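Work through the exercises below with the sequence and the coordinates at hand. Each task is followed by a solution in steps.

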Amino acid sequence: MTLVRQQIEHVGAREMVLDYSLSMQESPGAIAAMEAAASEVFLDALTPEALVGVTAFCRDDEDAAQIAGFTTDRDFLRARIAAIQGDYVAGFASGPRLYD
């Protein structure tokens, strides 16, 4: 797979929503690939002034959780993304919550 990196020029707020549901947990390499894309590709493509927030979901019996509010601190966002599996998922994942 070839990744094309280009800087996103528009300054604004962006929310990353990361999927830690059971289907992602059971797909080999899916979580690592998602986290790498979020931490390395997406964040690096934004201008330093762009605000980014992180939300994650992993269970059908709980709402998605705000992992990080909007910030320009890329190191903080990378650390929060790296901690999701241990701090938020904590070994329990199920199907995503679906709304009709």
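A contact means heavy atoms within 4.5 Å. The model is predicted, so local features need pLDDT of at least 70 and side-chain atom pairs count only at pLDDT 80 or more, while totals for chains, interfaces and linings use all residues. Residues are numbered from 1 along each chain as its sequence is written, and side-chain values use heavy atoms, with hydrogens and water left out.

**Exercise 1.** Describe the protein as a whole: elements, contacts and burial.

Solution. 
- Elements are DSSP runs numbered from the N terminus: helices (H or I) of at least four residues and strands (E) of at least two. The protein has three helices and three strands, in the sequence pattern β-α-α-β-β-α.
- Take the contacts between residues at least 6 apart in sequence: 68% of them join residues at least 24 apart.
- Buried means under 20% relative accessible area, exposed over 50%, and partly exposed in between (1.4 Å probe, protein chains only). Of the 100 residues, 37% are buried.

**Exercise 2.** Characterise helix α2 by its span, its bend and its buried residues.

Solution. 
- The expected span is 1.5 Å times one less than the number of residues.
- At Ala 37, α2 bends by about 30°.
- The buried residues of α2 include Met 34, Val 41 and Ala 45. The partners of its buried residues are β1 (13-19), α1 (22-25), β2 (51-57) and α3 (74-89).
- Ala 30 belongs to α2 and counts as buried because its relative accessibility is 15%. Its C-alpha is 9.7 Å from that of Asp 19, eleven residues away along the chain.

**Exercise 3.** How are α2 and α3 oriented towards each other?

Solution. 
- Axes are lines fitted to C-alpha atoms, for helices over the stretch in contact, and angles run from 0 to 180 degrees between N-to-C directions. For α2 and α3 the angle is about 175°, and the axes are 11 Å apart.
- Angles under 35 degrees count as roughly parallel, over 145 as roughly antiparallel, 65 to 115 as roughly perpendicular and the rest as oblique. The two helices, α2 and α3, are therefore roughly antiparallel.
- Among the residues that meet are Ile 31, Glu 35 and Leu 43 in α2, and Leu 77, Ile 81 and Gln 85 in α3.

Key
Bend = angle between axes of the 7 residues up to and from the residue.
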